[in-house]
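I opened this model to look at its surface and its aromatic side chains. My notes follow.

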Amino acid sequence: MLFFYSISSIVLPIITIFFLHHFLSQKSTIPGNYGWPLIGESIDYFKKLRSGTNEKFVMQRRKLFGDVFKTSILGEKMAFLCGPEGNKFLFSNENKLVEVWWPSSVESIIKKSNNKSVTAESAKVRQLLPPFLRAHAVKNYISDMDSELRQHLADYWTGRDEVEVCPFVAKYTFALAVKLLLGVHDATELEKLATPFVEAAGGIIAVPINIPGTRFNRGVKASNRIREVIMGIIAQRRKDLADGTATPMQDLLSHMIVEVDKRNQDSGNAPTTDGDMSSDLLGLLIGGYDTINTTVVFIMMTLVDHPDVYQGVLKEQMDIAREKSPGQLLDWDDLRKMKYSWNVACEVLRMCPPTVGAFRVAKTDFTYAGFKIPKGWKLHYLPHYTQKNHEFFPNPEKFDPSRFEGAGPAPYTFVPFGGGARMCPGNEYARAEILVFMYNIITRYNWVRLIPDEKVVIDPLPRPVHGLPIKLIPHETIS
């Protein structure tokens with residue numbers, strides 16, 4: 001009996017430790033599936049992306065595996081940290097436990113010299129942006145945005161009964177970005193950039209198969225043409241800065257040239273070339289264009305379907321218009337009055353996020369919710385998951401701008417611009433351009449769809465399949 005007791009006193013703790021270790025090791029193993037060899041679960045991911053149901057990719061796996069699951073997308077082992085808690089963790093641990101990562105398609109479109117990583121170089125670019133994209137700087141752009149849009153309306157809408165919204169919005173948002181960021185006003189230079197731009201942007205979110213005829217191949221070729229044009233603009237700007245006809249703070253390009261030259265002199269690392277700068281500027285143009293272009297198009301598409309919301313926006317904008325003298329341009333104070341209009345824009349951003357989210361890479365091993373995330377693993381968050389989820393937005397398919405009144409949505413549930421250290425640096429710029437557009441269009445027109453049941457495709461971002469042709473119904477002229 002004593003012998004049995006002695007053996008038990010030794011064996012039982014060992015058995016207990018074994019099962020405890022087994023339980024903990026099981027807990028630390030991320031649940032999920034990698035899918036097929038090589039392709040992983042990329043087919044299902046892109047299928048849902050193309051159908052505009054990205055959130056279902058996450059919801060289906062969360063139901064099976066919980067708030068943390070593994071998968072394989074784009075040839076990478078990847079973990080999803082679901083919900084606002086996951087978003088908060090990723091945003092608040094930027095440059096601590098995780099850092100930005102881009103798929104190989106992005107690295108190929110926005111490529112760097114000397115095999116520099118787009119991921120590693122992006123932080124340097126962000127350091128150059130605050131003087132031009134923070135709220136205090138954007139205030140100075142409002143009148144230019146307004147003036148540019150009025151001219152575009154006069155050129156392309158005035159006197160017409162019918163217009164196609166998508167090409168017009170694309171032309172305006174791209175031209176404005178090129179003028180404000182690069183200081184380019186020449187129509188010929190604009191056209192050289194605009195023609196290949198759509199294909200370059202499309203290659204960003206494409207399967208990286210670089211054979212003739214593929215979207216990715218077309219995107220790579222288009223990006224090369226754009227970089228050549230931008231490098232010519234950089235060369236001319238260097239001459240203008242040298243002879244005093246340009247100043248370092250007149251636009252982002254001039255500022256970038258001066259700051260990069262200083263950094264190259266002070267750094268022992270590989271210098272940033274003009275080709276690198278052209279890639280950086282291409283990335284900024286793509287980022288700014290996609291978000292604003294998609295949001296504005298879907299604001300117009302949505303207001304047709306919700307006449308009560310249109311009337312609310314119209315009242316707010318007409319109240320502002322009545323306070324302006326003839327020909328007077330908008331200013332920052334006017335935009336601050338557009339509270340209901342911005343709520344409407346936010347609800348459009350919630351229901352139709354203009355991005356597929358973002359990727360991160362683990363800088364080191366870390367533990368989240370009891371699961372070990374190995375160094376080098378990729379992480380992916382989708383704004384669609386929280387923004388179109390009934391847990392966080394009741395009746396998520398209902399268009400309801402009142403969700404953004406008062407304190408608005410719960411933290412980290414509405415994340416169209418990211419968050420934390422990686423909050424989109426152009427969010428104030430995007431907000432201003434969207435509101436300026438809403439003011440100018442809505443104080444001039446109502447409209448009806450010419451194709452009432454026009455479908456939306458994701459290619460690679462949401463767009464009406466026929467470009468949203470509309471019949472214009474002019475109001476009394478606003479000067």
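**Surface patch and aromatic contacts**

I looked for nonpolar side chains on the surface and found a patch formed by W36, L38, I39 and I43, with about 540 Å² of accessible area together. I kept in mind that this is a predicted model.

L38 sits in the loop between α1 (2-28) and α2 (42-51). L38 has 82% relative accessibility, so I logged it as exposed, the cut-off being over 50%.

Next I went to the rings. I counted 18 aromatic pairs. One of them is Y34 with W377, an edge-to-face pair with centres 6.3 Å apart and 65° between the planes. Y34 is in the loop between α1 and α2, and W377 is in the loop between β7 (371-373) and β8 (378-381), so this pair ties together parts 343 residues apart in sequence. Y34 is partly exposed at 30% relative accessibility, whereas W377 is buried at 12%.

I then took F168 and F437. Their ring centres are 6.3 Å apart and their planes lie at 50°, so I noted the pair as tilted. F168 belongs to helix α10 (residues 165-182) and F437 to helix α19 (residues 427-442), 269 residues apart. Both F168 and F437 are buried. I also found these two in one aromatic cluster with Y156, W157, Y172 and Y445.

Last, I asked which rings the charged end of R431 sits over. I found W332, with the charged end 6.0 Å from the ring centre. I also found W342, at 5.7 Å from the ring centre.

Key
Residues numbered from 1 in each chain as written. Predicted model: local features only at pLDDT ≥ 70, side-chain atom pairs only at ≥ 80, totals over all residues. Heavy atoms only, no water. Patch = residues over 30% accessible without salt bridge, like charges linked within 9 Å, V, L, I, M, F, W, Y side chains within 5 Å. Areas by Shrake-Rupley, 256 points an atom, 1.4 Å probe, with all protein chains shown as cover. Salt bridge = Lys/Arg side-chain N within 4 Å of Asp/Glu carboxyl O. Helix = DSSP H or I, 4+ residues; strand = E, 2+ residues; numbered from the N terminus. Buried < 20%, exposed > 50% of the residue type's maximum accessible area, 1.4 Å probe, protein only. Phe/Tyr/Trp six-rings, centres within 6.5 Å; stacked < 30°, edge-to-face > 60°. Lys NZ or Arg CZ within 6 Å of the ring centre and 35° of its normal.
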